[in-house]
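I opened my notebook to look up a few things in this structure. Here are my entries, in the order in which I made them.

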Amino acid sequence: MPGEMERLRAACAACGRCGLGKTRTNNVFGMGDEHARVLCVGEAPGEQEDLQGLPFVGPSGKLLDLYLGAIGLRRGEDVYIANILKCRPPHNRDPEPGEIEACLPYLRAQTKLISPKVIVCLGRFAAMTLISPEFRVTRDHGVFFEKGGIWFMGTFHPSALLRDPPKKALALDDFLGLEDKLKELGAEK
Ligand code: URA
């Protein structure tokens, strides 16, 4: 019998709550450890993710894996990776408010099932949606906010770091802060 997460995945794959289901190739539900301590949330699938049906599999995903590896985390083992939108917006345009509203219940349901200690928001869309509309990445990255028993931290989107490599050191600091936070919470390995 399929578990809750598989039922949610199937519902998401059949979703028609917004128009993106008509233009995407694959629904990108998420992947990883369903009991992860850390949930990483990006913006929306890009071209590679849309083709493969998996999150962060392109160049930005490789960079994300490096940061996770730097603090001893591995996607699939201690981490779950998902996006605010489960379907790729055409030509990678920005998510629209109505699409975010339509899609967010899936992420909320995933979060309930995973019950992570920390949610890492990758980039401004994730941070503004999950932390605060006032969130500014350059000002607030690396800061931890508690909401409903979960800690949230926003950092630079890996794609932004690929375009602006000098910021990579700041992002590494944010992940080192995540390592400290997990220790503080008694949630290290
Ligand atoms: N960018 C995102 O925000 N999410 C992905 O899955 C890939 C690229």
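**Entry 1: aromatic pairs**

I looked up Tyr67 and Phe175 and found that both are buried, where buried means under 20% relative accessible area, exposed over 50% and partly exposed in between, with a 1.4 Å probe and protein chains only. I noted that this is a predicted model, in which local features need pLDDT of at least 70 and side-chain atom pairs count only at pLDDT 80 or more, while totals for chains, interfaces and linings use all residues. I also noted that residues are numbered from 1 along each chain as its sequence is written, and that side-chain values use heavy atoms, with hydrogens and water left out.

Next I asked how many aromatic pairs a search of the whole structure finds. The search gives two. Rings of Phe, Tyr and Trp (its six-membered ring) pair if their centres lie within 6.5 Å; planes under 30 degrees apart count as stacked, over 60 as edge-to-face and the rest as tilted. Tyr67 and Phe175 are stacked, at 5.2 Å centre to centre with 15° between the planes. This pair links distant parts of the chain, with Tyr67 in helix α4 (residues 59-70) and Phe175 in helix α9 (residues 168-184), 108 residues apart. Helices (H or I, at least four residues) and strands (E, at least two) are DSSP runs, numbered from the N terminus.

Phe135 and Phe145 form an edge-to-face pair, 6.3 Å centre to centre and 65° between the planes. I placed Phe135 in the loop between α6 (124-130) and α7 (137-140), and Phe145 in strand β5 (residues 144-147). Phe135 counts as buried because its relative accessibility is 2%, and Phe145 counts as partly exposed because its value is 29%.

**Entry 2: the sheet**

In which order do the six strands of the open sheet stand? I wrote down β1-β3-β2-β4-β6-β5, with mixed pairing; two strands pair if DSSP finds at least two bridges between them. β1 (31-32) and β5 stand at the edges with a single partner strand each, so one side of each has no neighbour in the sheet.

Then I followed β3. Strand β2 (residues 38-42) runs parallel to strand β3 (residues 79-83), and five bridges join them. Among the partners, Leu39 is bridged to Tyr80 and Cys40 to Ile81. β1 runs antiparallel to β3, with two bridges between them, and Met31 stands opposite Ile81.

Is β3 covered on one face or both? Both faces are covered: Val79, Ile81 and Asn83 are buried on one side, Tyr80 and Ala82 on the other.

**Entry 3: the ligand and His157**

Around the ligand I listed Gly42, Glu43, Ala44, Glu49, Pro55, Phe56, Ser60, Asn83 and His157, each with a heavy atom within 4 Å of it. A polar side-chain atom of Asn83 lies 2.8 Å from a ligand nitrogen atom. A backbone N or O atom of Glu43 is 2.8 Å from an oxygen atom of the ligand.

His157 lies in the loop between β6 (150-155) and α8 (158-163). Why does His157 count as buried? The reason is its 15% relative accessibility. His157 touches Glu43, Phe56, Leu122 and Gly123, leaving aside residues up to four places away in sequence; touching means heavy atoms within 4.5 Å.

Notes
A polar contact is a pair of N or O atoms within 3.5 Å; within protein, one must be able to donate a hydrogen and the other to accept it, and residues adjacent in sequence count only if both atoms are side-chain atoms.
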